[in-house]
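Visitor: I am new to this structure. Please show me how to read it, one feature at a time.

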Amino acid sequence: MWGCLARGLLCVGEVRLAGFLGRRLLSSNAASGKSNAGQCWNCGRAGGVESGDGFFCEHCRALQPPDPTRDYFSLMNCHRSFRVDVMKLQHRYQQLQRLVHPDFFSQKSQTEKYFSEKHSTLVNDAYKTLQAPLSRGLYLLNRKNLLTV
């Protein structure tokens, strides 16, 4: 109906991402979850993503878009092996959910809420996949085939 840009509101497909005063409107790359070589979508500073898990900008502390290609083992800090310490996996899952769960972003911008949902989904998928031996084995085999192609 109305154009995509209307008084600080950016529509991207079905997702509406709100821009706020003092913040730049998102480019289509930021809205789609693609970053510009480690550049923060919020403050625009290059190299602003923390070296730790890469979830937050070290300058403005804004949640960054998730990397959907990130390996589940690296996300969950596990060795890339069939044998996984399930207690360590559970601890890491809880740690990550305390960082990125959407409930903790209810007072944040629409963009951060959206990124939080994406991060939380990725963490849930990684945990469910690595927790069960069968799905873990299948994941290892599929990732190995993807890496060798």
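Visitor: Which residue's side chain does a polar contact of 3.1 Å join to that of Q97?

Guide: A polar contact is a pair of N or O atoms within 3.5 Å; within protein, one must be able to donate a hydrogen and the other to accept it, and residues adjacent in sequence count only if both atoms are side-chain atoms. Here the partner of Q97 is S120, at 3.1 Å between side chains. Q97 also makes a side-chain polar contact with N124, at 2.8 Å. A caution on sources: this is a predicted model, where local features need pLDDT of at least 70, side-chain atom pairs count only at pLDDT 80 or more, and totals for chains, interfaces and linings use all residues. Residues are numbered from 1 along each chain as its sequence is written, and side-chain values use heavy atoms, leaving out hydrogens and water.

Visitor: Is Q97 buried or exposed?

Guide: Buried means under 20% relative accessible area, exposed over 50%, and partly exposed in between (1.4 Å probe, protein chains only). Q97 has a relative accessible area of 9%, so Q97 is buried. Contact means heavy atoms within 4.5 Å. Not counting residues up to four places away in sequence, Q97 touches F104, S120, V123 and N124.

Visitor: How many helices and strands are there in the protein?

Guide: Helices (H or I, at least four residues) and strands (E, at least two) are DSSP runs, numbered from the N terminus. The protein has five helices and three strands. From the N terminus on, the order is β-β-β-α-α-α-α-α. Q97 sits in helix α3. Of the 149 residues in the protein, 35% are buried.

Visitor: At what angle do the axes of α3 and α4 cross?

Guide: Two packed helices are described by the angle between their axes and the distance between the axes. Axes are lines fitted to C-alpha atoms, for helices over the stretch in contact, and angles run from 0 to 180 degrees between N-to-C directions. The axes of α3 and α4 (residues 110–131) cross at roughly 170 degrees and come within 10 Å. That makes α3 roughly antiparallel to α4, a label for angles over 145 degrees.

Visitor: Which residues in α3 meet α4?

Guide: They are L89, Q90, Y93, L96, Q97 and V100. Their partners in α4 include H119, S120, V123 and N124. By class, the contact has seven nonpolar, seven polar and no charged residues. Ala, Val, Leu, Ile, Met, Phe, Trp, Tyr, Cys and Pro count as nonpolar, Asp, Glu, Lys and Arg as charged, and the others, Gly among them, as polar. Among the buried residues of α4 are F115, H119, S120, V123 and Y127.

Visitor: Which residue has a positive phi of about 65 degrees?

Guide: Most residues other than glycine have a negative phi. R61 has the positive value of about 65 degrees, although it is not a glycine. R61 lies in the loop between α1 (28–31) and α2 (72–75). R61 is partly exposed, with a relative accessible area of 44%. N77 has a positive phi too, of about 55 degrees. N77 lies in the loop between α2 and α3 (86–100), and is partly exposed at 42%.

Methods:
Parallel < 35°, antiparallel > 145°, perpendicular 65-115°, else oblique.
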